[in-house]
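Subject: Structure handover and notes

Dear colleague,

I am passing the structure below to you, together with my notes on what was found in it. Please read the notes with the coordinates open beside them.

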Amino acid sequence: MKNSLADLMTNLDGCNQESAWEHSQKFFGELGFHIVNYGIIDKTHFDLLGFHTNMCEDWMSHYMECEYGKNDPWVHHVISSEKSILFSRDGPCELVFDENSIAEKMINEAKDYGLNTSICVPIHNKFGHLITGFNLASSMDHAEFRSMLDENL
């Protein structure tokens, strides 16, 4: 079965960090997510322990320069919730952010880099101190993205 999670897990078995990231990007890319963001957070102090993204260097430099990490609503959601949520510019949006805020400015600027729709998937470790999260994004419109999500749930 193409794009099965079992295939991904087999490909990840025994991988180092770099090849695991490559396999993950390919897996999610074949599903239709051309942007893959993944972070690891220590839930004791909410320190970012690691971050991987395939967004372009121009965007990431701008993100860091503007200190968007402090106001990133996807990061805040990963920390505060275990529920996956949908972000969409042209349909129902579950991501919470204030209008006219730094977060809204960041979200509007990310559109220029192809982030139109996304699903944010927090993963909280019940027995440890780590929170991980994916933000899987696309330039698809809401209807196409929703259809892709339903097909690949």
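Is Phe46 buried, exposed or partly exposed? With a relative accessible area of 46%, Phe46 falls between the cut-offs of 20% and 50%, and it is therefore partly exposed. Please keep in mind that this is a predicted model, so that every value in this message is computed from predicted coordinates.

Backbone at two loop positions

Phe46 sits in the loop that runs between β1 (35-42) and β2 (47-53), and its phi is positive, at about 55°, although the residue is not a glycine. A second case is Asn100, likewise not a glycine, whose phi is positive at about 60°; the loop that holds Asn100 lies between β3 (85-88) and α5 (102-110). Asn100 has a relative accessibility of 73% and so counts as exposed, since the cut-off for that term is over 50%.

Helix α2

Helix α2 covers residues 17-31, and at 1.5 Å a residue its 15 residues should span 21 Å; the C-alpha atoms at its ends are 21 Å apart, which agrees with that expectation. Its buried residues are Trp21, Ser24, Phe27, Phe28 and Leu31. Because these cover an arc of only 130° around the axis, they are on the same side of α2. The exposed residues Glu18 and Lys26 are carried by the face of α2 that is turned away from the buried side.

Both ends of this helix deserve a look.

The C-alpha atom of Trp21 is separated by 7.7 Å from that of His52, although the two residues are 31 residues apart along the chain.

Helix α6

In helix α6, which comprises residues 142-151, the buried residues are His142, Phe145, Met148 and Leu149. Seen down the axis of α6, these buried residues fall within an arc of 130°, so they line one face of the helix. Ala143 and Glu151, on the other side of α6, are exposed.

Phe145, which lies in α6, has a relative accessibility of 0% and so counts as buried.

Ser138 has its place in strand β5, and at 2% relative accessibility it counts as buried. The side chain of Ser138 reaches the backbone nitrogen of Met140 at 2.9 Å.

The second largest pocket

The second largest pocket holds about 550 Å³ of space. It is lined by 29 residues, of which Phe51, Tyr63, Gly69, Asp72 and Val75 are the closest to its centre. Two or more lining residues come from each of the elements β1, β2, α3 (57-65), α4 (73-80), α5 and β5 (130-138). Which kinds of residue make up the lining of this pocket, and how many are there of each? The lining divides into 20 nonpolar, 5 polar and 4 charged residues.

With these notes, I leave the structure in your hands.

Kind regards

Key
Residues are numbered from 1 along each chain as its sequence is written. This is a predicted model: local features need pLDDT of at least 70, side-chain atom pairs count only at pLDDT 80 or more; totals for chains, interfaces and linings use all residues. Side-chain values use heavy atoms; hydrogens and water are left out. Helices (H or I, at least four residues) and strands (E, at least two) are DSSP runs, numbered from the N terminus. The expected span of a helix is 1.5 Å times one less than its number of residues. Buried means under 20% relative accessible area, exposed over 50%, partly exposed in between (1.4 Å probe, protein chains only). The arc is that of the directions from the helix axis to the C-beta atoms. On a 1 Å grid over the protein atoms alone, a cavity is a set of points where a 1.4 Å probe fits but cannot get out, and a pocket is an open set with protein on both sides within 12 Å along at least five of seven lines; lining residues have an atom within 4 Å of a point. Grid points are joined across faces, edges and corners, and a volume is the space filled by probe spheres set on the points. Ala, Val, Leu, Ile, Met, Phe, Trp, Tyr, Cys and Pro count as nonpolar, Asp, Glu, Lys and Arg as charged, and the others, Gly among them, as polar. A polar contact is a pair of N or O atoms within 3.5 Å; within protein, one must be able to donate a hydrogen and the other to accept it, and residues adjacent in sequence count only if both atoms are side-chain atoms.
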